[in-house]
Structures are given as structure tokens and as C-alpha cells.
Amino acid sequence: MPIFTPNKLKQIGYQLFEATGCSPENAKAVVDHLVESNLFGHDSHGAIRFYEYAQAIQDGRFDPKAVPEIVKEHPCTAVVDAHNALGQVGATFATNLAIEKARTHGVSVVTLRNTSHIGRVGAYPLMAAREGFIGLIFVNAGREGRKVTPFGGRDARLSTNPIGFSAPRENTDPILLDMTTSVVADGKVRVAINQGNPIPEGWAVDSEGNPTTDPNRVRGDAPQGALLPMGGVVAHKGFGLSLASEILGGVLSGQGVAANEPVMVSNGVHLTVYNIEHFTDLADYYKEVEALSAHVKSSRPIDGFNEILLPGEPEFRCAKQRTQDGIAVDDTTWERICEAAKTFGIDPTAWT
Ligand code: NAD
């Protein structure tokens, strides 16, 4: 299993995506996002997507040269059509627009359609938090609704429909909630297949709705099963949040909801940015958030826990560790990246 420094993995990604026809700027937006996903420990949204996106460009599903366009605009709102650009290109454009609108008007909502897979959805509210704003994102997968069961259902009718929230803290990493409304991200099942590992109980059912720990019965060559909505015995809550993502992300963007057959798989995105100072004094905001953080962290940990972590802390800690130790890319993923590179005329032996 090859191990790369973040910088080396980025150089590999830049070379691959520039060979697909992306501008250096767009290649950087995509690759920096994916490598940060590996750093954050979300390998399902990291370099594993290098070959998938490259293949999609080769098949003509995504346009590496597309330029996102604002198709509807008011002072606090906008709808962006990414014209089939790579997801990170469309979502970065929409987020920068939302930040500038909130900077001027206090709050903004920007929706995005006709992009592709935007990756780790928390990355975009995090961009807002790094600028001192609060960000909130709801995302669906357009008409793709064959991955997650509704509460009480046997058949998949929804996507993993993630939600992200990020709020700045004083002199430390922001709070970063980045979660699917299913038990886990679909990509984690594919990582388990690539690594030859079973998946934990409670993640998924097979094609007949029976619990399974075999990832191949969920996403492999066997008839496709489904992930479960988040919440275990109270999965009606994950199911309800998933519907909120469908309506905010899918309907208000114009991307469409999980009904009918998918025309093109693409995330429908709904991003809200809050300018804190339009609501409260900044010093008071930080005082309250720090008090809240200290208060929840003061809870005595139960057996098996060393401490209370805030959302995002596992990812920021993992990033520090992997920056030091390097990013391991599993053999199947690496082979596929090398195969993709060859189809674009790159000799991957120079990479290792
Ligand atoms: P996850 O379950 O690993 O983490 C969810 C959240 O819980 C994170 O905010 C994390 O910081 C927090 N968390 C984890 N352990 C914690 C602990 N011990 N204490 C406190 N907080 C903790 O993530 P997931 O739901 O499997 O999603 C994985 C990734 O997949 C996300 O980045 C998501 O955006 C991405 N995704 C993207 C799409 C898409 O269509 N673009 C679809 C699905 C998922």
C-alpha cells in the first residue's frame, strides 16, 4: 500500500486532472479538496475519487472546462448553474458567492445545480467559518434515489443526503459537523469492498431488506442492497432530515429530487451563510461558543471514551497525524489511479 505525503498526492492529482483538460486552478480546487478528505480521515471522499472523476470526464459526463453561472439573483440569494463542471468547482464558486453576499447583507442562501459530486460537504461551510461566518449546507443527489431505505422500507428510495454545519471558534479550529443522513457515506462501503473488509452491523441491508455485513451485498456485483437511514431505533429522524435535504437541496436548486430515473447524478446544493455581526456582537459570540464548548467537554466520559470531542475534532486531529505520517492509498485505489493515468498518457511509474 503506497504512502504519500499530502503534497506528493496533490502533485499526482494536479497532473492527472490537468491531463483531463482541467485548468490548473480547477485541478487545484478538486485535488486540494480530495486530499484534505484523506487528511481528515474520510478516505471514501479522497484519492479514491481521482479515477472516478477522471473516468467521468473521459466518458463526457462532466466538463472540465465548464464555468459556473449565476442564473437567478437577489441581494441575499442566488441560484448557480455549474453547467456540468466538476462538483468542487461549482460548490467553491457558490460558496464564495454566498460568503460575499453575507458579508454585505448579513445572511445569504445560494443553491447550486448541474454540478457533479461536490465531495465532503462540510468543506463548504468550513470555508465560511474560516472567513469568520457560520455556514450550513443541505445536499441531495438529484434524481438518484437508490441508496438508502426510507424508515421502515425494504427498498432504497433516497440518497445519503448529507448535511454540514460549521461555526468559527476563537483561536482554534471551527466546529465542523459533516454528516450523512444515512448511517454512513456510501463511499465507506466501497472502501470496505476495495479493502476486502466486512462492514459493521447496523449499516445496511441486502436486496431483500435483511441485515448484512457483506459490502458486496450492498454495492458489489450481487443484487444491490441499501444503507439504512441514520438513527438506529429512531431512524425516522435520519429519514426526516433526508427529506429536508431533498427539498432544500433538490427542489430549491432545480436539480430535482429522488424520484423517477436519474438523468445525471449530481448533487443539488443549498448553502446558507450567516454574518455573525448582523446578529450579535462578535466578542459575545465567541464568549458563548467557548462557554458551550467547555461545558459539553466537562461531562465525565463513559467507559470506552477518554474525552468529549466536538464535531470536527476527530478530523482536525487526524489531519495533524496524517500530515506527519503520510496518507496510505489502498492497493486497489492506487491501481485504478494508475490505470486512469495511463489512459491520459501519463506514466505512473514516475510517481512511486
Ligand atoms: P462521520 O460519521 O465519520 O462523521 C459525522 C460527524 O460526526 C462529523 O462531523 C464528525 O466530526 C463527527 N464525529 C465523529 N466522531 C465523533 C465523536 N467521537 N465525537 C463528536 N463528533 C464526532 O461521517 P459520515 O456521515 O460517514 O460522512 C462522511 C463524509 O461523506 C462527509 O464528509 C460527507 O460530507 C461525505 N458525503 C458526501 C456526499 C455527497 O453526495 N457529496 C454524500 C454522502 C456523504
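**View 1. Polar contacts and a salt bridge between domain 2 and domain 3 of a predicted model**. Across this interface there are 5 residue pairs in polar contact, both residues at pLDDT 80 or more, where a polar contact is a pair of N or O atoms within 3.5 Å, one able to donate a hydrogen and the other to accept it, and residues adjacent in sequence count only if both atoms are side-chain atoms. The count of salt bridges between these domains is 1, and the side chains of Lys 147 and Asp 186 form a salt bridge at 3.9 Å, N to O (a side-chain nitrogen of Lys or Arg within 4 Å of a carboxyl oxygen of Asp or Glu).

**View 2. The area buried between domain 2 and domain 3**. About 820 Å² is buried between the two domains, 52% of it on carbon and sulfur atoms; buried area is the accessible area (1.4 Å probe) lost on putting two parts together, summed over both. Of the area that domain 2 buries against domain 3, Lys 147, Arg 154 and Val 183 supply 63%, more than any other three residues.

**View 3. Phe 17 in the largest nonpolar core**. This core has 64 residues, of which Phe 17, Phe 50 and Leu 86 touch the most other members; a nonpolar core is a set of buried (under 20% relative accessible area, 1.4 Å probe, protein chains only) Ala, Val, Leu, Ile, Met, Phe, Trp, Tyr and Cys residues joined through side-chain atoms within 4.5 Å. Another core, of 10 residues, lies apart from it and includes Val 148 and Trp 203.

Residues are numbered from 1 along each chain as its sequence is written. In this predicted model, local features need pLDDT of at least 70, side-chain atom pairs count only at pLDDT 80 or more, and totals for chains, interfaces and linings use all residues, while side-chain values use heavy atoms, leaving out hydrogens and water.

Conventions:
Buried means under 20% relative accessible area, exposed over 50%, partly exposed in between (1.4 Å probe, protein chains only).
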